[in-house]
Amino acid sequence: MIKVLDSTLREGEQTPGVYFDGHIKLAIADLLDEIGIEIIEAGHPIVTEDIHHAVHQIARKNLKAIVAAHSRSLKQDVELALECGVQFIGIFYSVTNERLDQVFRKDLKTAVRQITEVIRYAKDQKPELLIRYTPEDTVRSPFENVIEAAGAAVEAGADIISVADTTGFMVPGTGHNMYDYISRLKEALDQRGLSPMIAVHCHNDRGFALTNALDGMRAGAEIIDASVLGLGERAGIVDLAQLLAALKDIFRVPNEWDLTRLPELYDLISKYSGMPVPKNFPITGENAFTHCAGVHTHAAVQNPVHYQSLDPALVGREMDVALDHMSGISSVRWALDRLQIEYDNELLKDLLSHIKSIGLKGRTVHLSELKHLVEWCIKHPLKQ
Ligand code: HCA
Ligand code: CU
């Protein structure tokens, strides 16, 4: 069973300038839970007192979702997360040679000892706790280091190994792709008699986050990380709405997600993050289901399937038609029908001519404006 982990409240807050107040965090967690997201990564409690408090509040809300906290591989981070009452702790520690030499100044053996001690400590405190270990920058780390650290982590009690493409390095169809990586990782762990659940965390630096995550799923990853609007460090991670729509509509994974609440969720996040949803963003962007050119509109109003491969109703949206210089007669007909305004051919032609000239100024005619344009055309017909 595939599970989605939403990290808007953790990775999402690593977007420069983004911070959600405690009451907004609770509202976000509630909405994610109502949508049916399986795991909510609520934050890294040691970062600030406010985050600590918010993670505590979310963990105690009795949500259907599993509530997770992020944690360095340090006892003090784990203690604080446990104190919050979370059911899941994500522990990360990079095992690239450069990081070990230059930042941690430790050899691999000492690093692995630190990781396993922290995992054992966490499991001892709360045996039912789910523990994820992430070798940060997994895919650029020496494979043998990853296997050594991940294998030891599982033996110490980690339930989940997350493959992090921390820098958006993987490219589908090349020598470094997520499908091959996860297949190889599973095989190597299997050879050691270990079969943890695999998670995948993909950054979008090259624009391949979603494709890489889906590639990872095809290779057996069962937890996929995402965030609303793909918020996160630099270019962010997988966009939640795009992921859910693909899983539901294309991969048909068993689920209970209510995607009709996505517009509400995206409004909430965009309002309080100050990050507008780009108009042409898939699924949740204003234009995602809007047809513009006359040829498109003519066909789409008869049957949307001519220019849509995804039913907007699945994600709480409706088909729309834009009125501008690209419009044709069927665009105007569609708009007038929506406004329940009666018309003859003369009025249609006059309106289209006005709409086109307004469009040439670089803007669209909204339905509320069209009403006034109709009145204008009736009073001032172009052909006397
Ligand atoms: C970070 C890096 C991280 C960690 C992912 C994880 C990444 O911000 O700490 O702990 O599973 O991309 O590697 O987000
Ligand atoms: Cu990340």
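Reader: How far apart do the C-alpha centres of domain 1 and domain 2 lie?

Author: They lie 44 Å apart. This is a predicted model, by the way. Domain 1 runs over 3–273 and domain 2 over 290–379.

Reader: How do you know that domain 1 and domain 2 are in contact?

Author: The test is heavy atoms within 4.5 Å. Seven residues of domain 1 meet it with seven residues of domain 2, so those residues count as contacts. Put together, the two domains bury about 490 Å² between them, with carbon and sulfur atoms giving 73% of that. On the side of domain 1, Asp249, Thr260 and Pro263 lose the most area, together 58% of what that side buries.

Reader: How many salt bridges and polar contacts are there between the domains?

Author: The salt bridge count between domain 1 and domain 2 is zero. That test asks for a side-chain nitrogen of Lys or Arg within 4 Å of a carboxyl oxygen of Asp or Glu.

Reader: What makes up the side of domain 1 that touches domain 2?

Author: Helices α9 (240–250) and α10 (262–273) each supply at least two residues of it. The largest share, three residues, comes from α9. Sorted by class, that side has four nonpolar, one polar and two charged residues.

Reader: Why is α9 called largely enclosed?

Author: Buried means under 20% relative accessible area. Eight of the eleven residues of α9 pass that cut-off, so the helix is largely enclosed by the rest of the structure. The eight are Leu240, Ala241, Gln242, Leu243, Leu244, Ala245, Ala246 and Leu247. They pack against β1 (3–6), α1 (22–35), α8 (209–218), β8 (223–226) and α10. Just after the helix, Arg252 takes a positive phi of about 50 degrees.

Reader: Why is Arg132 called buried?

Author: Its relative accessibility is 3%, and the cut-off is under 20%, so Arg132 counts as buried. Arg132 sits in strand β5 (residues 130–134).

Reader: What does Arg132 touch?

Author: Leaving aside residues up to four places away in sequence, Arg132 touches Leu5, Glu41, His70, Phe88, Ile89, Gly90, Ile91, Ile160, Ser162 and Asp225.

Reader: How do you know that the side chain of Arg132 makes a polar contact with the side chain of Glu41?

Author: Compare the distance with the limit. The limit is 3.5 Å between N or O atoms, and the two side chains come to 2.7 Å. The pair is within the limit, so it goes down as a polar contact.

Reader: Why does Arg105 count as exposed?

Author: Exposed means over 50%. Arg105 has a relative accessible area of 66%, so it passes. Arg105 lies in the loop between α4 (97–104) and α5 (108–125).

Reader: What makes the phi of Arg105 worth a mention?

Author: Its phi is near 50 degrees, a positive value in a residue other than glycine. As background, most residues other than glycine have a negative phi.

Reader: Which residues of helix α12 are buried, and what do they pack against?

Author: In α12 (residues 329–338), the buried ones are Ser330, Ser331, Val332, Trp334, Ala335 and Leu336. Their packing partners are α11 (294–302), β10 (320–321), α13 (345–359) and α14 (367–379).

Reader: What covers the buried residues of α11?

Author: The cover includes β9 (290–291), β10 and α12. The buried residues of α11 are Gly294, Thr297, Ala299 and Ala300.

Reader: What are the overall numbers for the protein chain?

Author: The chain has 14 helices and ten strands. Its C-alpha atoms fill a box of roughly 90 × 45 × 40 Å along the principal axes. Of the 384 residues, 54% are buried. Among contacts between residues at least 6 apart in sequence, 70% join residues at least 24 apart.

How values were computed:
Residues are numbered from 1 along each chain as its sequence is written. Chains are lettered from A and ligands numbered from 1 in the order in which they are written. This is a predicted model: local features need pLDDT of at least 70, side-chain atom pairs count only at pLDDT 80 or more; totals for chains, interfaces and linings use all residues. Side-chain values use heavy atoms; hydrogens and water are left out. Domain bounds come from an automatic or database domain assignment. Buried area is the accessible area (1.4 Å probe) that two parts lose on being put together, summed over both. Helices (H or I, at least four residues) and strands (E, at least two) are DSSP runs, numbered from the N terminus. Ala, Val, Leu, Ile, Met, Phe, Trp, Tyr, Cys and Pro count as nonpolar, Asp, Glu, Lys and Arg as charged, and the others, Gly among them, as polar. Buried means under 20% relative accessible area, exposed over 50%, partly exposed in between (1.4 Å probe, protein chains only). A polar contact is a pair of N or O atoms within 3.5 Å; within protein, one must be able to donate a hydrogen and the other to accept it, and residues adjacent in sequence count only if both atoms are side-chain atoms.
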